[in-house]
Amino acid sequence: MNYLEFEKPLAEIEGKAEELRALARSNSGMDVEKEAQALDRKAQDMLGQLYGGLTPWQKCQVARHPDRPHCKDYIEGLLTDYMPLAGDRNFADDHAVMGGLARLGAQPIVVIGHEKGHDTKSRIEHNFGMARPEGYRKAIRLMELAHRFQLPIVTIVDTPGAYPGKGAEERGQAEAIARSTETCLEVEVPVVSIVIGEGGSGGAVAFATANRVLMLEHSIYSVISPEGCASILWKDSDKMREAAEALRLTAQDLDRLGVIDRIIREPLGGAHRDRHATIQAVGEAVQASLADLVGKAGRELRDSRRRKFLGMGSKGLAA
C-alpha cells in the first residue's frame, strides 16, 4: 500500500496489525488475532475520519494516487470486444491517448481515454497521460467515426494537462485541443465523460465537453493544477494548498457550480483501496447515463450539449 502524506497515522496502525499477523505466521503458538482485529477497527475508524473531511489539497493527492485504476483498467474491467485504433493518420500514434470500438454490456460504443501508466516504464511510454497534438487528432478521428456510425462516445479523463513541450507546440497543440473540443460539441451522438483522477486544463476539456460529465468522488477537475496556479499568482509553488482551495476543483464544488452532472461514490479510503468496486460503480453510472441519452435525436443531443456549456456560470458563483 502506498500511503499519502496525511495517511501516516493510519499507516502506523495498519503496519502494527500486519506485524502482529507476521509474528503469528512465524510462530504457530502465538494467538494475536484479537489484538490485530482491534487495530483493524481502529484503522477503519481513522480511515472514516480522514476521508470524511478531506481538504481540496488532500483530494488532489488522492486523485493522483499511483494505485488508482487508470483508463486501461476500466477498459479491461468494463468493456468487451475492445478493438483499439491507433494513430491520427497524419503524424504518429500518441500512447497517452487510447481508444477504439467496444461494447459496454450490449451497447456498442467508441471509448477514448487518457492513460497514465502504472509503473515507471509504462508511465514514460504513456507520457504520464499528457497528450500531444496527435493524441487529440486521434480522438477527433474516433469521434468522427462514432458520428458516422451513430455510436455513443464514452471518454475517460485522467491527465495533468496537455503536454507543453516544444515539439507539441510546433505541431499545433492549441489548435488540436480546440478542434477536439469543437468535435465534442458537434457530433450528433450521446457523449458521456468520466473524470477518474485528474481533469487538468484544456487537455481534459477536449474530452469532457459531453452531454453528461461524471466525476469520481475524490477526483479533481480544473483549468490549471494547484502548483501551476500558485506559481503564477504567488510566484511560489508551495502555496498549492491555498490554490487548491481557491480553484474549486473538487467534485463537490463542481457539482454545486453546475459544471458536472453526477458524483460517483468511491470506496472508503479512495478508489485505490477497492479497484474492482470502483470500476463497477463507474460502469453502472455510465450505463445509466447512456440509457437516458440513447434514442434521442442527434440534433437534440448536439443542441442540449451546446446549451449546457453556454449556460455554465449561471449557477453557483454568478447566482
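How many bridges join β3 to strand β4, and do the two run parallel or antiparallel? Four bridges join them, and the strands run parallel. Before I go on, note that this is a predicted model.

Let me stay with β3. The strand covers residues 107-114, and strand β4 covers residues 153-159. One of the contacts between them pairs Ile112 with Thr155 in β4 as bridge partners. On β2, residues 97-104, the pairing is antiparallel, with eight bridges to β3. Met98, for instance, has Gly113 in β3 as its bridge partner. β2 and β3 make a hairpin with two residues between them, and Gly105 in that turn has a positive phi of about 65°. Six of the eight residues of β3 are buried, so the strand is largely enclosed by the rest of the structure.

Next, the aromatic rings. The count is two aromatic pairs. Take Tyr136 and Phe207: the ring centres are 5.7 Å apart and the planes sit at 65°, so this pair is edge-to-face, the cut-off being over 60 degrees. Tyr136 belongs to helix α6, residues 133-149, and Phe207 to helix α9, residues 201-208; the pair links distant parts of the chain, 71 residues apart. Tyr136 is buried, at a relative accessible area of 0%, and Phe207 is buried, also at 0%.

There is also a charge over a ring: Arg132 lies over the face of Tyr163, 4.6 Å from the ring centre.

Last, the surface. Ile232, Leu233 and Trp234 make a nonpolar patch of about 320 Å². Leu233 is in helix α10, residues 226-233, and is exposed, with a relative accessible area of 57%.

Key
Residues numbered from 1 in each chain as written. Predicted model: local features only at pLDDT ≥ 70, side-chain atom pairs only at ≥ 80, totals over all residues. Heavy atoms only, no water. Phe/Tyr/Trp six-rings, centres within 6.5 Å; stacked < 30°, edge-to-face > 60°. Buried < 20%, exposed > 50% of the residue type's maximum accessible area, 1.4 Å probe, protein only. Lys NZ or Arg CZ within 6 Å of the ring centre and 35° of its normal. Patch = residues over 30% accessible without salt bridge, like charges linked within 9 Å, V, L, I, M, F, W, Y side chains within 5 Å. Areas by Shrake-Rupley, 256 points an atom, 1.4 Å probe, with all protein chains shown as cover. Salt bridge = Lys/Arg side-chain N within 4 Å of Asp/Glu carboxyl O. Pairing = 2+ DSSP bridges.
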